[in-house]
Amino acid sequence: MTAIGTDIRMLLFPRFCKVCGNKLGKSEDHICTVCLRQLPMTHYDPMALNPVMQHFVGFPAVQHASAFYFYTHGNKYTSLITQSKYSDKPEIGQYLGRLAASELEKSGFFEGIDCLIPVPLSRWRRWKRGYNQSEWIARGLAEVARLPLTTDNLIRVKHNETQTHMTRDERWKNVQGIFAVRHPERLAGRHVLIVDDVITTGATLMSCAETLSNAVPDIRISIFTLAAAQND
Ligand SMILES: [Zn+2]
């Protein structure tokens, strides 16, 4: 589109920052420059034993784990996840996935990884929402890291209850046996990157990692979440 065409489009269809609501400029996408500069990034990578990785200590299949930014209740950035999940705006996740991947690439986070596996939703939840937000985040990562996405192998076989108000023990029980691997032989000896939107207690991701390593011989697993929940 020509510059004039872009100007007219911007005038007729202004776009707004998904964080602060201010009008976006021509070169801005989804998030304005100010909000982007203030994004509370974790800088967990390349710290080997960062707080996300600490959830998986004693789990030899897990190689690396990281999260892009902090998810703190009441913080203006929490709306990025809720919009990508509940407001039919999954492209925000894809955009943030691209941003995160550009950061992760600097430390070689993707080296040796064979494919990306988004944490699957149950068929019911996916049908209700129309998409899997973690898949869109993984799409953004995959574009920058130039890695394939595998969405048909790890599946969610149980529709578990929402975990928001559960204790740590209840969450752990709630995620037991919810995942399954359809074709373990295709992942044998591979290094996979599991992708999710937010890590809270790590119970869901641990269940994913456990299912994969029980089913697949010699699998190596890394973990990436867009955000890491902070205690209130
Ligand atoms: Zn903004």
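Met206 is partly exposed, with 19 other C-beta atoms within 10 Å; a residue counts as buried if 20 or more other C-beta atoms lie within 10 Å of its own, exposed if 12 or fewer, and partly exposed in between, with C-beta atoms placed from the backbone. This is a predicted model, in which local features need pLDDT of at least 70 and side-chain atom pairs count only at pLDDT 80 or more, while totals for chains, interfaces and linings use all residues. Residues are numbered from 1 along each chain as its sequence is written.

**Met206 and its surroundings**

- Met206 belongs to helix H8 (residues 203–215); helices (H or I, at least four residues) and strands (E, at least two) are DSSP runs, numbered from the N terminus.
- Neighbours within four places in sequence aside, Met206 is in contact with His55 and Phe56, where contact means that the C-beta atoms of two residues, placed from the backbone, lie within 7 Å.
- Met206 and Ile223 are separated by 17 residues in sequence and by 9.8 Å in space, C-alpha to C-alpha.

**Overall fold**

- Eight helices and six strands make up the secondary structure of the protein chain.
- Their order from the N terminus is α-α-β-α-α-β-α-α-β-α-β-β-α-β.
- The protein chain is as compact as a globular protein of its length, because its radius of gyration of 18 Å is close to the 17 Å that the globule rule gives for 232 residues. The radius is taken over C-alpha atoms, and the rule is 2.2 Å times the number of residues to the power 0.38.
- The C-alpha trace spans about 55 × 35 × 35 Å along its principal axes.
- Of the 232 residues, 39% count as buried.
- Among contacts with a separation of 6 or more, 73% come from residues 24 or more positions apart.

**Domains**

- The domain assignment gives domain 1 (1–38) and domain 2 (39–229); such bounds come from an automatic or database domain assignment.
- The C-alpha centres of domain 1 and domain 2 are 29 Å apart.
- Eight residues of domain 1 are in contact with eight residues of domain 2.

**Nonpolar core**

- The largest nonpolar core has 56 residues, of which Leu96, Leu141, Ile194, Val195, Leu212 and Ile223 touch the most other members. A nonpolar core is a set of buried Ala, Val, Leu, Ile, Met, Phe, Trp, Tyr and Cys residues joined through C-beta atoms within 7 Å.
- Helix H4 gives the most to this core, with seven residues.
- Domain 1 (1–38) and domain 2 (39–229) both contribute residues, so this core lies between them.
- Apart from residues up to four places away in sequence, Ile194 touches Ile117, Val119, Leu205, Cys208, Ala209, Ile221 and Ile223.

**Helix H6**

- Helix H6 (residues 133–145) has 13 residues and should span 18 Å at 1.5 Å a residue, which agrees with the 19 Å between its end C-alpha atoms. The expected span is 1.5 Å times one less than the number of residues.
- Eleven of the 13 residues of H6 are buried, so H6 is largely enclosed by the rest of the structure.
- The buried residues of H6 include Trp136, Ile137, Arg139 and Leu141.
- The packing partners of the buried H6 residues are helix H3 (78–86), helix H4 (91–106), strand E2 (115–118), strand E5 (191–199) and strand E6 (220–229).

**Strand E5 and its partners**

- Seven of the nine residues of E5 are buried, so E5 is largely enclosed by the rest of the structure.
- E2 and E5 run parallel and are joined by four bridges; two strands pair if DSSP finds at least two bridges between them.
- In this pairing, Ile117 stands opposite Ile194 in E5.
- E5 also pairs with E6, in the parallel sense, over eight bridges.
- His191 stands opposite Arg220 in E6.

**Backbone features in loops**

- The peptide bond from Asp45 to Pro46 is cis, with omega near 15°.
- Pro46 is in the loop between helix H2 (33–37) and strand E1 (62–71), and His43 is also in the loop between H2 and E1.
- His43, a residue other than glycine, has a positive phi near 55°; with 12 C-beta neighbours inside 10 Å, His43 counts as exposed.
- Asp88 lies in the loop between H3 and H4, and its phi is also positive, near 60°.
- Asp88 counts as exposed, with 11 C-beta neighbours inside 10 Å.
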